[in-house]
Amino acid sequence: MTENTNQMLLRVNNLVKYFPIRRGMLKTTVGHVRAVDGVSFHIRERETLGLVGESGCGKTTTGRCIMRAIEPTSGEVLYTRADGQTVNIPEMKKDDLKALRREIQMIFQDPYSSLNPRMTLLQIVGEPLTVNKVARGRDLEERVAELLRVVGLRPEYMRRYPHAFSGGQRQRIGIARALALNPRFIVADEPVSALDVSIQAQVLNLLQDLQQ
């Protein structure tokens, strides 16, 4: 067996997330839902890891804890940044975490609810670039056009709104947004589960091509 010499990118150690069960007028905690209970795994550069399990078993919660979209109860999420420094994401300050967002992005499960219906594709895909002050004006439009081409959409679509697109196209828009900052690591939360079978292979092939 050939040893994988790629650099370690992410190491999750004993990740735990409990949600409190509250009852009564005073919202007293009477128990906990153990959404994630002692999960550990690691991922190297250019590797893909799939979490498999029935609905409600904690896959999405695990991904959101890694992103720190929600706070884990305990455990380590050790990420090796582009500069070689390893950080524990749950312990990072908010300002440092914001900077880390340039390296870690998420593709959401539902392409219908994850896109703001009042924003054009230019605004949706360009939002990470605008927030992080990477591009604006003409440079922003050129970068968004490039991202749309990468995911198989025409650049002239950037003035349109999400309602004009099919589910598969909307998921491609979500992928383009996730790729805007050239992240090193992407958390994909069942990115094809809401799509037709005919579209699923296209999206999976796209993600595999981008990984290379």
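**Notebook: ring pair and pockets**

I started at F165, which is buried at a relative accessible area of 6%. Here buried is under 20%, exposed over 50% and partly exposed in between, with a 1.4 Å probe and protein chains only. I note that this is a predicted model: local features need pLDDT of at least 70, side-chain atom pairs count only at pLDDT 80 or more, and totals for chains, interfaces and linings use all residues. Residues are numbered from 1 along each chain as its sequence is written, and side-chain values use heavy atoms, with hydrogens and water left out.

**Rings**

I looked for aromatic pairs and the count came to one. Y157 and F165 make up that pair, edge-to-face, at 5.6 Å centre to centre and 65° between the planes. The rule takes rings of Phe, Tyr and Trp (its six-membered ring) with centres within 6.5 Å; planes under 30 degrees apart are stacked, over 60 edge-to-face, the rest tilted. Y157 is also buried, at 14%.

Next I checked charges over rings. K17 lies over the face of F19, 5.0 Å from the ring centre. The test wants NZ of Lys or CZ of Arg within 6 Å of the centre and within 35 degrees of the ring normal.

**Largest pocket**

I then turned to open space. The largest pocket has a volume of about 1,300 Å³. Its lining has 39 residues, and E47, T48, I186, V187 and A188 are the closest to its centre. A pocket is an open set of points on a 1 Å grid over the protein atoms alone, where a 1.4 Å probe fits, with protein on both sides within 12 Å along at least five of seven lines; lining residues have an atom within 4 Å of a point. Volume is the space filled by probe spheres set on the points, which are joined across faces, edges and corners.

Where does the largest pocket lie? Domain 1 (1–92) and domain 2 (94–211) both give residues to its lining, so the pocket lies between them. These bounds come from an automatic or database domain assignment.

**Second largest pocket**

I found about 400 Å³ in the second largest pocket. Of its 15 lining residues, M67, R101, I104, Q105 and P128 are the closest to its centre. Each of domain 1 and domain 2 supplies at least three residues to this lining.

Last, I looked at T29, which is partly exposed at 36%. T29 and A135 are 106 residues apart in sequence and 47 Å apart in space, C-alpha to C-alpha.
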